[in-house]
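Hi,

Here is the model I said I would pass on. Have a look at it first, and my notes follow below.

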Amino acid sequence: MKHIPVQQLSTSEMAALVDREEHDFADMQQRHFKARAKMSLENESLRASFLGASNFLVGKRQAMFPDTQQLERLRDRGEAIRQHSLNHLPELLERLEKNLTANGIQVHWAETAEPACQLIHTILNDNHAKTVVKGKSMVTEEIELNHYLEQRGIECLESDMGEYLVQLAKETPSHIIMPAIHKNKAQIARLMHTRATNSDGSDVPYSEDVDELIGNARAILRDKFMTADAGISGVNMAVANSGTLCLVENEGNGRMTTTAPKLHIAVSGIEKVVEDFSQVPDLLTLLTRSATGQKITTYFNMISSPKKPGEKDGPEQVHLVLVDNGRSRMFSHDTLKPTLQCIRCGACMNHCPVYARIGGHAYGSTYPGPIGQVVTPQIGGIEKHGDMLSACSLNGACGEACPVRIPLPQLIRELRAEAVNPDVDHVSADSIRQVFNSVKGRGAKRTVAESLIWRGWSLLHRQPGLYRLMTQLLSRGRKLMPARLGAWTESRTMPQAAPHSLHELARKRGLASQPVPGDNLTETSK
Amino acid sequence: MSSDNRDTGPRSARHYPARPKAVYLLGTCLVDSFYPQAGMDAISLLEREGVEVIFPQQQTCCGQPAYNSGYDEQARQVARQQLAAFAADIPVVVMMGSCAAMLHHDYPRLFAGEPEEAQARALAGRSYEFSEFMVNVLQLELTDNSRQPLTVALHTSCSARRSMRVAEQHKALLSSLSGVQLVEPQRATECCGFGGTFAVKQGDISAAMAKDKADNMAATGADMIVSGDCGCLMNIAGTLEKQGRAMPAKHLATLLWERSQ
């Protein structure tokens, strides 16, 4: 999209541009992965936004970890803490529920997205809540809570600046930490000017000044915090031993969401539990430094009970909704279990060269980037989300950046194997073991054509004679190679085979093909 | 071609054996057909060091393309052929970082629970990336015998950097050539967009990455691109050539041999 000088635009022209962006977004989400990726690659302002964000965030994180050895030790501890949680997950969740309940926090469990939304709706209804302010929460994006509640006449207002902008634009977050990172300053200015309304009903004046933009949103939100019937937030860590919900944020909106309204509903994936407070500092250190390159966030909320008698502030009721939504299936999978180690810092997407080029919306899922490629097919199934699995060069930058050492490239490869597994998933079938040790939609991406290609490839490469014949044909016929070869030659020249293969050259040089039996070759030379 | 490495950061240093009398050379299928001179130059370097080079004519491909695509059974069938071809207990010098990573990291996983598991583990333990073997096992010392000054833009592949962790070895070998000046491209640690079947399955994304890498390489103004992985070389050099700004591109072994003769 070309940058149009804003001075020349009237408010209605700006509104038309904003509408167009909304339409383009909706249109893009209708398409397949490849088409979405292509649209993103062709959008120059989008590419500039993501590449700029990647450079900025990678640099900031790097500056936070000047000592590599210290970083590696910290990652070891982070990984151990998360693995400890997963190794004791059922027991820790029980303990968490017991201690939260003792603290006066009501705990609910939801197996999938729909029951989770129903549960939250019921709590809101029971309290006659019609307006909700939301702190930033990816799990509520995952279960599409806003949509569910809005359809039932409950107003949900996102209070994180990025989420607020995305909601105004009628889009979804393009990054799990910076939801509106795909928008530039001018786009945000137009959005605020044409779609936001001040508390007194007046229009928000057009401004590209960042402080002014934030000031305007802040004023609008402040009013909502004071009047909302309920606040809904996410959870970064749930401490089992003390029954405490930890929430990390920078804008104070999390504090407002969880303290100003009478009712607070926290929503969390079941994997966010940690055993003890002693494990929190390491995870917090890793989270904020990896996510935004901060030593600590401006706010760190620890919620351990509703308002007690005699206290002035705080909600009268606090609820925690623990959402499974495919997580116990990940938990039961031999190799994909580390998926649940994730602390949602976003470092993997910041370091991913594919994400940096196509951005978050191209993935068409709540979670984009490498962790999105691992989580999404496991939650939503391979049939619907398996196409994103090929959008990875297995370069390993994500695995290297992950603060809790999730072997992301390995998991992506593992999911590719699941996607083409000949032993297809029959969820309705009898074997529990199969259901629990396979991914939803296993084998959904297996095609006859690709299977045949790999069978042929295997045949050529497991028979040395056949392989040598093929390489000879390739070198002898190198002048006959086609000038074009699919996607490769659209942006590259056709590589030309050498006149003689290394097999031939080595033979001509008289190199032995195998050591002489009995010759002691393991001894050292010189 | 990039390996799907499981490793997510340095943990422990690898233990290296004493200088052996003989080694196997695993050429890799890309070097075999497209960069055979790189293999021959590595052989010359090894022989000059007094190491006998054994080149199994039975070797084909490490199996990585199928493995990275999720076709484990086909990958295993081809990998079995390499287990047989490199059966003797001597080090295996691998001409590309990604194939070295396939042998060193992925074979034990590919054969986990299979009858060949122990064999695969043994092969993994004695497989070395070319520069790793030259630096860590042979402690190679080179004399630059070329009078021609040369600026080189080094592209260390992702698997060489992150799976085999030999980025320093690449630099050390090039730095030991007195007439060679190394120039660091922008975003040097980023993937060039090759990724094996990724370049075919996601052609648009791959091309966008390759274009950015080509821009960064061209911007260095270097005389030559050098890499230890031929997939990256093919990708970067092919992109530059298509854009009409071709740059010479060589495997690390070739430059080392040419200048130290």
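**Where the chains meet**

The contact between the chains involves 72 residues of chain B and 68 residues of chain A, with two residues in contact if their C-beta atoms, placed from the backbone, lie within 7 Å. On the side of chain B that touches chain A, helix 11 (residues 203–219) of chain B gives the most, with eight residues. Helices here are DSSP runs (H or I, at least four residues), numbered from the N terminus. That side of chain B has 31 nonpolar, 26 polar and 15 charged residues. For the classes, Ala, Val, Leu, Ile, Met, Phe, Trp, Tyr, Cys and Pro count as nonpolar, Asp, Glu, Lys and Arg as charged, and the others, Gly among them, as polar.

Before you go further: this is a predicted model, so local features need pLDDT of at least 70 and side-chain atom pairs count only at pLDDT 80 or more, while totals for chains, interfaces and linings use all residues. Residues are numbered from 1 along each chain as its sequence is written, and chains are lettered from A and ligands numbered from 1 in the order in which they are written.

**Domains**

The bounds come from an automatic or database domain assignment. Chain B gets domain 1 (22–137) and domain 2 (150–260), and their centres, taken over C-alpha atoms, are 22 Å apart. Domain 1 of chain B puts 27 residues into the contact and domain 2 of chain B puts in 23. The side of domain 1 of chain B that touches domain 2 of chain B divides into 14 nonpolar, ten polar and three charged residues.

Chain A gets domain 1 (6–30 + 65–323) and domain 2 (447–475). In chain A, 52 Å separate the centres of domain 1 and domain 2, again over C-alpha atoms.

**A helix pair in chain A**

Helix 10 (residues 185–195) and helix 11 (residues 210–227) of chain A have axes that come within 11 Å and cross at roughly 35°. Axes are lines fitted to C-alpha atoms, for helices over the stretch in contact, and angles run from 0 to 180 degrees between N-to-C directions. From helix 10 of chain A, A:Ile188, A:Ala189 and A:Met192 meet A:Leu213, A:Asn216 and A:Ala217 in helix 11 of chain A. By class, this contact has five nonpolar, one polar and no charged residues.

**One valine to look at**

Leaving out residues up to four places away in sequence, B:Val93 touches B:Val23, B:Tyr24, B:Leu25, B:Leu26, B:Ala42, B:Leu46, B:Tyr128, B:Phe130 and B:Phe133.

Cheers

Note on methods: Helices (H or I, at least four residues) and strands (E, at least two) are DSSP runs, numbered from the N terminus.
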